[in-house]
Amino acid sequence: FLLQNKWRAQCVNTMLNRGTNRKKLRKTGLFGEKHLKKAVTIVFNIIQPVMVLAALSVISFVVYLWFTHLLILSKAKLNDIDWVIKTLLGIWLLFNVAFNYLSAVFVYAGDSYDLFPAQHPAHQHNNNTHTNGMLQIQVLTPLIQANASSSSSNASECMTDDEKLRQFIRIKNEQIMKDYFFGENMGTLQQIRGMRNNPYLWRFCEDCNAPKPPRAHHCSICHRCILNMDHHCPWVAGCVGLCNYRYFVLFMFWVCVGALFFIANAFPYAGLNFYVIKSAYSRHSFRGDPVLRTSQSRILLGCIFCLAVTFAVGCLLVFHLFLVLKGNSTIELFSTSKFTAYFKKKGVTWKAPSNH
């Protein structure tokens with residue numbers, strides 16, 4: 001009997017040691033979680049500038065085709081009224097594309113550090129990610145202080161800043177559950193199958209050591225809790241969130257309009273026939289002229305580029321317009337569908353707090 005109990009104890013200790021070793025491997029192993037995150041961050045830091053330069057190169061290539069090869073094939077002169085009007089319209093479209101793209105790249109999405117500058121004084125000296133536009137939403141800090149001071153008591157006066165923030169999170173979450181989730185228990189919603197957390201509640205991020213506002217998500221590449229995070233986009237070399245989401249959507253819209261504008265003006269010279277749209281010149285019209293032949297090939301390549309961009313970006317634009325109408329983000333779409341199905345079983349119509 002004693003030997004049997006001793007054997008059981010050894011088995012239990014072995015299992016505990018295996019679990020501890022697995023945790024150590026997960027933390028410090030060659031392919032552990034931390035090393036994997038570092039590797040992904042390094043890869044993204046390398047490919048993001050390349051993708052931004054690639055996007056600018058494609059835009060510059062289309063502009064080059066307009067002022068060189070398309071001008072040659074159309075036999076237009078610089079003082080031609082029709083050509084001038086089309087060029088001015090194209091320049092206006094180019095300005096909208098470039099402005100919104102560069103704004104999506106250089107305007108920081110915003111993070112929880114901007115909401116709580118007092119909690120992170122070191123972040124105030126780091127101006128690499130801080131934006132002046134975030135000053136408009138820093139009014140939340142005095143709101144927290146007022147909320148903590150409103151319940152003035154001896155206990156609250158002795159509370160630290162971290163305890164005040166946690167009390168603020170608890171009070172706000174209770175109000176959110178009452179206003180938008182029909183008074184349901186937070187633990188009950190967490191037990192929904194496939195639900196990791198409620199994105200519409202205040203949380204505390206252990207990685208950032210700061211409160212995580214509703215609709216904010218921690219980006220493992222930026223190492224920040226991004227406000228209203230939609231996704232991390234390598235084409236804009238950062239996260240798409242609160243302060244640059246509108247530029248991202250407008251960029252996609254103007255890219256589709258600009259690409260269709262180029263196709264409408266350049267396709268007649270590409271040497272192809274597409275149903276009712278017929279090319280002014282066939283692919284055999286310039287066999288004896290290598291310059292015109294080259295121009296026609298470049299125009300055809302530009303049309304293919306613009307057509308592919310219109311299809312890819314257009315599908316993404318339709319998806320994001322759907323999200324805008326629903327008041328959701330890409331990350332919140334999954335949890336929103338879970339909440340909708342959960343309350344539908346109870347005979348209640350639920351809407352996301354951001355869709356009211």
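This is a predicted model: local features need pLDDT of at least 70, side-chain atom pairs count only at pLDDT 80 or more; totals for chains, interfaces and linings use all residues.
A disulfide, for this talk, is a pair of cysteine sulfur atoms within 2.5 Å. Keep that cut-off in mind for the cysteines later on.

I will start with the core. The largest nonpolar core has 43 residues, and the members touching the most others are Tyr 101, Val 236, Met 252, Phe 262, Ile 299 and Cys 303. The biggest contribution, 14 residues, comes from H11. There is also a second, separate core of 16 residues, with Ile 192, Leu 201, Phe 343 and Ala 352 among them.

Now one residue from the first group. Setting aside residues up to four places away in sequence, Phe 262 touches Val 62, Leu 65, Trp 66, Phe 267, Gly 302, Cys 303 and Cys 306.

Two of those partners are cysteines, so to the sulfur question: how many disulfides does the structure hold? The count is 0. Take Cys 256 to begin with: its nearest cysteine sulfur belongs to Cys 315 and is 8.9 Å away. Cys 256 is buried, at 9% relative accessibility.

Cys 306 itself lies in helix H12. Its relative accessible area is 5%, so Cys 306 counts as buried. Beyond its neighbours within four places in sequence, Cys 306 is in contact with Val 62, Ala 259, Phe 262 and Ile 263. The C-alpha atoms of Cys 306 and Ile 59 are 9.6 Å apart, although 247 residues separate the two along the chain.

Ile 59 brings me to the last item, the packing of H2 on H4. The axes of these helices are 11 Å apart, at an angle of about 175°. Since angles over 145 degrees count that way, H2 and H4 are roughly antiparallel. On the H2 side, the contact residues are Met 51, Val 52, Ala 55, Leu 56, Ile 59, Val 63, Trp 66 and Phe 67. On the H4 side they are Trp 83, Lys 86, Thr 87, Leu 94, Val 97 and Tyr 101. By class, this contact has 12 nonpolar residues, 1 polar and 1 charged.

Technical notes. Residues are numbered from 1 along each chain as its sequence is written. Side-chain values use heavy atoms; hydrogens and water are left out. A nonpolar core is a set of buried Ala, Val, Leu, Ile, Met, Phe, Trp, Tyr and Cys residues joined through side-chain atoms within 4.5 Å. Buried means under 20% relative accessible area, exposed over 50%, partly exposed in between (1.4 Å probe, protein chains only). Helices (H or I, at least four residues) and strands (E, at least two) are DSSP runs, numbered from the N terminus. Contact means heavy atoms within 4.5 Å. Axes are lines fitted to C-alpha atoms, for helices over the stretch in contact, and angles run from 0 to 180 degrees between N-to-C directions. Angles under 35 degrees count as roughly parallel, over 145 as roughly antiparallel, 65 to 115 as roughly perpendicular and the rest as oblique. Ala, Val, Leu, Ile, Met, Phe, Trp, Tyr, Cys and Pro count as nonpolar, Asp, Glu, Lys and Arg as charged, and the others, Gly among them, as polar.
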